[in-house]
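Let's take a walk through a protein model, one piece at a time. Have the sequence and the 3D view open while you read.

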Amino acid sequence: MHQVLLTLFQQPENTAVTLRERVCSTLRRAIHSGALSAGQRLPSSRILATDLKISRVTAEAAYAQLEAEGYLQRRVGQGTFVAVRIIKPAPLRKTVGQLRLSQRGDAIVQTGGCRDPQQPLPFAAGSPELRVFPLKLWKHLTAQQLRVRGEKLLRYGDPQGYLPLREAIAGYLGQTRGVNCDAQQVIVLTSSQQALQLIATLLLDHGDNVWLEEPGYLGARNAFISAGAKLNPVSVDEAGLRPDNTLPVPRLIYLTPAHHYPTGVALNLERRLTLLEMARREQAWIIEDDYDSEFHYDGQPMPAMQSQDRHGNVLYLGTFSKTLFPSLRLAYLIVPPALVPAFTTARTLYDGHSAQLMQAVTAEFIQQGHFAAHIRYLRQLYRSRRDWLLTQVEQHLKTFATPQPAGGGLQLAVWLPPGQEATLTRQARQLGVITPGLAAQFITPQARRDGWLLGFSALTPGEISAAVEQLSKIARG
């Protein structure tokens, strides 16, 4: 026993713990490992102190602590004894095959999930420029909110969202996108992906038909797959999604009409009206994902489709991840009044509510005009970076990559020679360049086209040039 305790005591420990806790940890490990058994007598505190080269006061304190925890029993005139019997758990049996998930769980896992890069790598799509974020101002507003509303912001919040933030969102969207809503229709969420999962859960049954843009956003596709929906890809051309009367009547239509993801085209007015009429006639839902409409560089963007909806068929979705910063974890969903109770109740089953403090700071940031000023600055910055990227692509990748419309957004789509995306993407990653492939955005294998999505918003002109130069090495063979 002497050697066992000495060996265990000499094993590396967290240097922040006290000497008494090291002794306690040593004795606990000896008991749990079976080196000390129930009823076994331990050395006196004097002998233990000598063996471990510690003070007797420390040894006494350790014995007292373990007696209080129930590990030891001290009998006057007899000594200190182990008081518990530790039964070692039986070894785990090897399982055959995979763990059993529900059908929904298996469908979710099979999608591969949705992950964004945690580091600002070259050409990672959809990453905002955080180096110009007004952090000092944000810190000031945060301290102000804690000082004025500190205790209230530490409590549980409204699952629909912090009312001043909902009011600020409704006012901003009405002014900039023509969205017709009030604060009672706004639901503040953690992310646009959470909004899509809520929509899929509440509005889709297994086997329901969903129309999706082809190519389209993988996050939406994964959310609808996890709900058991049947996906119907609808082709996209220079005027956006092209309605197809040969497809089954949809229960839901998912759109990115202001700036199609990933090609960048806008849905024209004629098709918007056609889809709105179809939704009215068939009692279908339209999801308008306005994920980056703040960043439109050439002319004025069309108002949101929601502003043209007269029958309550459109759910409007937006996020602060690209306009402020990703870790803020705030997004918003505008729903018809009749759906508010259902979505609010469902929200309580997910994560209850978004962080109160961040909602309060964001509301103040919008109400004081800082948000609008920040967007104006970013719009100018991103436009200059888009122009520089187009210049670099034209100069170095002209015969290799064909750029698509880039009237707005945070990334540029380019088509590549057929059948080369996988090889070229692997080579680009080896050179330290992240170039998300476009082929994966297609649902129908026969419709797939090879391409890259080149995010430019988080890159300086120098970084853009360096990244394009790396791609040009691949183009040159």
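Which residue just after H15 takes a positive phi? It's Gly-477, with a phi of about 85 degrees. Keep in mind that what you're looking at is a predicted model.

**Helix H15**

Let's back up into the helix itself. H15 covers residues 461–475, which makes 15 residues. From its first C-alpha to its last it reaches 21 Å, close to the 21 Å expected at 1.5 Å a residue. Several of its residues are buried: Ile-464, Ala-467, Val-468, Gln-470, Leu-471, Ser-472 and Ile-474.

**A three-stranded sheet**

Now hop over to an open sheet with three strands in the order S1-S3-S2, paired in the antiparallel sense. S1 (41–42) and S2 (72–75) are the edge strands, and each pairs on one side only. Strands of a sheet pair through backbone hydrogen bonds, either parallel or antiparallel. Between S1 and S3 (residues 79–82), the antiparallel pairing runs over two bridges. To spot one of the partners, look for Arg-41, whose bridge partner in S3 is Phe-81. Helix H4 (residues 56–69) lies across S1, S2 and S3, and it runs at about 115 degrees to S2.

| Helix pair | Residues | Angle | Axes apart |
|---|---|---|---|
| H6 and H12 | 135–153 and 356–367 | about 125 degrees | 9 Å |
| H8 and H9 | 192–203 and 218–226 | about 30 degrees | 9 Å |

Why is H8 called roughly parallel to H9? Because the angle between them is about 30 degrees, and angles under 35 degrees count as roughly parallel, H8 gets that label. H6 and H12, on the other hand, are oblique to each other. The crossing of H6 and H12 is right-handed, and H8 passes H9 in a right-handed crossing too.

Want to see who touches whom? In H6, residues including Leu-137, Trp-138 and Leu-141 belong to a group that meets residues of H12, among them Leu-357, Met-358 and Phe-365. For the other pair, Gln-193, Leu-196, Gln-197 and Ala-200 in H8 meet Gly-219, Ala-220, Ala-223, Phe-224 and Ser-226 in H9.

Definitions and conventions:
Residues numbered from 1 in each chain as written. Predicted model: local features only at pLDDT ≥ 70, side-chain atom pairs only at ≥ 80, totals over all residues. Heavy atoms only, no water. Helix = DSSP H or I, 4+ residues; strand = E, 2+ residues; numbered from the N terminus. Expected span 1.5 Å × (residues − 1). Buried < 20%, exposed > 50% of the residue type's maximum accessible area, 1.4 Å probe, protein only. Pairing = 2+ DSSP bridges. Contact = heavy atoms within 4.5 Å. Axes fitted to C-alpha atoms, helices over the stretch in contact; angles between N-to-C directions. Parallel < 35°, antiparallel > 145°, perpendicular 65-115°, else oblique. Left-handed = near helix turned anticlockwise from the far one by under 90°.
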